[in-house]
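Please look at the sequence and the model, then read the sections below in order.

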Amino acid sequence: MPPRSDDPRRDPTGSRRGSSRGGRGAEPRTGEPGGGGISDARAYTPRGRTLREGGGGRSAAGGGAEQRRTPRSTRSGDPFRPALQVLDGGRAGAGRTGRREAAAGGRSGVVRTVTARPGREPFDDDEPPAPRRRPGPRRPDRPAARRPTRKPRRPPKLADPRRRLRLGTLLTLALFAVIGIRLVFLQTVNTPAYADGGLGNRLAVVELPAPRGAIYDRTGAPLAHSVEARYVFADPTQIPESDRVAVAKRLSPLLGVAWSDLADKMKRRSLPGGGQSQFEYLARGVDIDRAKQIMALDLPGIGTHRDERREVPGGDLAANLLGFVSEDMTGLEGLEAKYDDVLQGKAGRKTYEVGQGDLAAPIPGGYSVTVQPRPGSSIVLTTDRDLQYRTQQILSAQLAQVRGSVAAAVVLDMQGEVLAQASNPTYDAADPAGSKPTDREDAATSFVVDPGSIHKAITYGAALQEGVITPDTAFPVANTINEGGVTFRDTHPANGRKMSIPGMLAFSSNVGTIEIAHDLGRDRLIDYQKRFGLGQPTGEGMPGEASGRLLPADQWSGSAYGSVPIGHSVDATPLQMAAAYTAIANDGTYVQPHLIKEVIGPDGKRTPGPAPKTRSVLSPQNAAALRTMLEAVTTVDGPDGRATGLAAAVPGYRVAGKTGTGLRYVDGKLQPGEVGSFIGMAPAEKPRYVVAVFVWSPGGEGGAVAAPAFREIMGYTLRHYRVPPSATDRSPKFEVFPR
C-alpha cells in the first residue's frame, strides 16, 4: 500500500522523518552544552539503528527542519557485514568521530546534514552506525582527532564446503591405504611368525589307530585277527562322589567287571604335576553293541571311544605258538611278540586347530594335517589249522592217562615247514589272564631234555657216513660195558651173540651203540651232532627258543664216551630232534624248520618268508640205508623179542623211527620221572612227513604214551594229505641175531 502524503513521518521521497518526543523538532539532550541542539537528536529505526540528524533536513532559522534517514536502498544487504566490520579492525570508530564533529558543529551553530550514500556492492567499506552510549555524564567536548586513512582490506573468502569434502575424502582414503598396506605386510612378510604364535594351544591331536595284521594258517584260515571294538573310560571329575558306587553297579554287568573294582577306578586322583586325573580306563575291547548299551544309560562322566580287540577264533588252537597281545595291542608272547613290528603297523595322526569353548570344533580353513595310518602286515604260517587241531586233540587225549605231565608234538614236511606244533598243557589265547606261565610255554622249543635213545640215529648215521659200519655189519654184543667207572646195560640182553645193526636199533642196544662210537671217535661224533642241528637254535621263528647244549670235547669224562653216544649228557629240544630226523628222511639234507610261509603287506603284496638254511649231512644212499634199518623198530616181532616201537606202527604204511627214554632238567636240576619219546617218518620208502612226540611224566609213564600218540598223529597226517598206503612195498624182514 503506498504511503500517504499526509503522513508526517515520511517525506515526499519516501524517507522516514525523524521525530522527537515533544513534537516535530528534536529536543536538546539533557546535560549537554548548548541544549536544544538538534545535531545530536536521534531517531530509531525499526531495526534499532540510529541516524544522526542534521541541518540538512530543516532550516536553522525555523528550527523545524525535517530529519532525514538514509534510504534503505543505500544499505548493503549482506548478512555477514557486522562480522566483517569487526574483522576489519574496528572501522566502527569512524562513527564516533562523526558524532564528535556533529557535536562541535552544534556548539558553533553548524549543523551537518546526513546525506545518503550511494548504494555499494556487498563487502564495501561502509562504516557501521555509532554504538549507543550509556547514560551518564559526558566528557567535555574536544576536537575530534582524525584517524589516518587506511587501505581497505580485502575480506577473506568464505569456506568452500567442496574443499572440506575433498579433504575429508583424501584423509579417509589415506587411512584405508595405510591399513591395507599393513594387512598385506602382516599376511605376506610376518605370516609364519604370527601364524605359529600360540598354535600349540589351539591344536588338537587325534590318533588314528592302525589295524594290527592278522595271522593265518597255510590255507588262509585266520588264527588271530583284529576287529573294531570300543573302550570304556571314566572322567572322575564329572562323577559326583555320591553317585560313584551307583554308576559302578550299573556298569558292572555290562562290562563283566566287579563293581568294587570299577568304583575304585572312578575315584578322584591327583596328578603329580597338579590337577586331577580326567581319564581312567574301565574296560578295553568292548563289543560295539555293548558299548551302545552303556552309552544309552547316559551316565555322568562315562564315555566310549574307538578301540581294537584281538580275536582268536580257535581259542586254544595253536595258542602256545600264537601267544597274545596286551590291551594296547602290543605283542607279549609267542609269534605276536616275535613279529610285533611286522603285525603292529604304524598309527596315523590328525592334527587340527580347534576353537575355544566346550564345543572345541575344528576351525574351517584352519591348520589341519592328517597322516593316514598304515595297517600292519599279516603273516601266513606254515601250519595247517585242521592238522594242528587234531594233533592237539590226540595229545590231550593221551595225556589224560598221565597226571602232571608235559608233552610236545611236532609235524614237519620234507621242506622243513612246520605243519603242526602242539603243547600240553595249553591255554586260551583269547583270555590269557586265567592261565599260568608254564601253560603258555611252547614245549617244542623250550622243553630241554636228554633225548635218550632217539639220539642213537645220529650215532649210526655218522658211523655209516664215515664208513665205520655198513647195513650188513654185525658183531657180538655183551650185556654190559664199563666206561669211566660207569656200567651201561641193555634192556634186551644179547648175551654176547652177534647182533645186526637193525637188531641193535630194534632192541635199542646201549652196549652195541657205545662200541660203534668207540670206532667213530669223539671228535667225529661231535661234528655230526652239529651237522644234525644240535647245540644251537633252529631259528624256526619262535621267541625264546632254547639252544640245547653239546658237551665240548675238552669236558668229556671217561663216562662221557658211554653216555653221549646213547643220548645222555646232551641237551636238546623236541624241535631240534625232529629236524635231525627230517635230514634222514630228506635223503641226508638238513633243512631248517620254519613257521613263516609268507608275509602279506598292507597293499596285498605277498613276500615269501626267509628261505630255510640247508646243508648236506648224509649221502642219499646212507640216508636211505639208515631209514631202512630204522624200520626194524616198528616191525621186529619174533621169537628173539619185540621191538621197542611196535606201538608206533601205522597200519598200511611203512614207518621208520626210534623210541627214546630220557631225563628232564629244569634250571640245571634233574626232575623226577622220565621223558618218553618217539620220532618217526612215513612212508619210509619215500618219506613225506616226520612226527616227533615227547612226553614227560613224574611217574615215568611217558614211554607208554609217546608211541601211541605218534601212531594216531602220523596216521591222521597221511590220510589228511591223501598219501597212498605202502601196501605194495612192505618193510623188509630183519634178522636181529644173524648166524
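Four bridges connect strand β8 (residues 348–353) with β9, and the two run antiparallel. The model is predicted: local features need pLDDT of at least 70 and side-chain atom pairs count only at pLDDT 80 or more, while totals for chains, interfaces and linings use all residues. Residues are numbered from 1 along each chain as its sequence is written, and side-chain values use heavy atoms, with hydrogens and water left out.

β8 and β9 belong to an open sheet of three strands in the order β3-β8-β9, with antiparallel pairing; two strands pair if DSSP finds at least two bridges between them. The edges are taken by β3 (203–208) and β9 (368–371), each of which has a single partner strand, so one side of each is left without a neighbour in the sheet. On average, neighbouring strands of this sheet are turned by 10 degrees against each other, direction ignored.

A second open sheet has five strands in the order β12-β11-β27-β26-β23, and its pairing is antiparallel. Its edge strands, β12 (418–424) and β23 (656–662), each pair on one side only. Neighbouring strands of this sheet are turned by 5 degrees against each other on average, direction ignored.

Helix α12 (residues 385–399) packs on this sheet and touches β11 (406–413), β12 and β27 (689–697); contact means heavy atoms within 4.5 Å. The direction of α12 makes about 30 degrees with that of β12. Axes are lines fitted to C-alpha atoms, for helices over the stretch in contact, and angles run from 0 to 180 degrees between N-to-C directions. Helix α19 (residues 574–585) lies across β11, β12, β23, β26 and β27, and runs at about 150 degrees to β27.

Thr 659 stands opposite Phe 678 in β26.

## Two helix pairs

The axes of α12 and helix α22 (residues 702–720) come within 10 Å and cross at roughly 160 degrees. That makes α12 roughly antiparallel to α22; angles under 35 degrees count as roughly parallel, over 145 as roughly antiparallel, 65 to 115 as roughly perpendicular and the rest as oblique. Residues of α12 in this contact include Leu 387, Ile 394 and Leu 399, and those of α22 include Val 705, Ile 713 and Tyr 716. By class, the contact of α12 with α22 has eight nonpolar, four polar and three charged residues. Ala, Val, Leu, Ile, Met, Phe, Trp, Tyr, Cys and Pro count as nonpolar, Asp, Glu, Lys and Arg as charged, and the others, Gly among them, as polar.

Helix α6 (residues 244–255) and helix α8 (residues 288–296) have axes that come within 10 Å and cross at roughly 165 degrees. α6 and α8 are therefore roughly antiparallel to each other. On the α6 side the contact is made by Leu 251, Pro 253, Leu 254 and Leu 255, and on the α8 side by Arg 290, Gln 293 and Ile 294. Sorted by class, the contact of α6 with α8 has five nonpolar, one polar and one charged residues.
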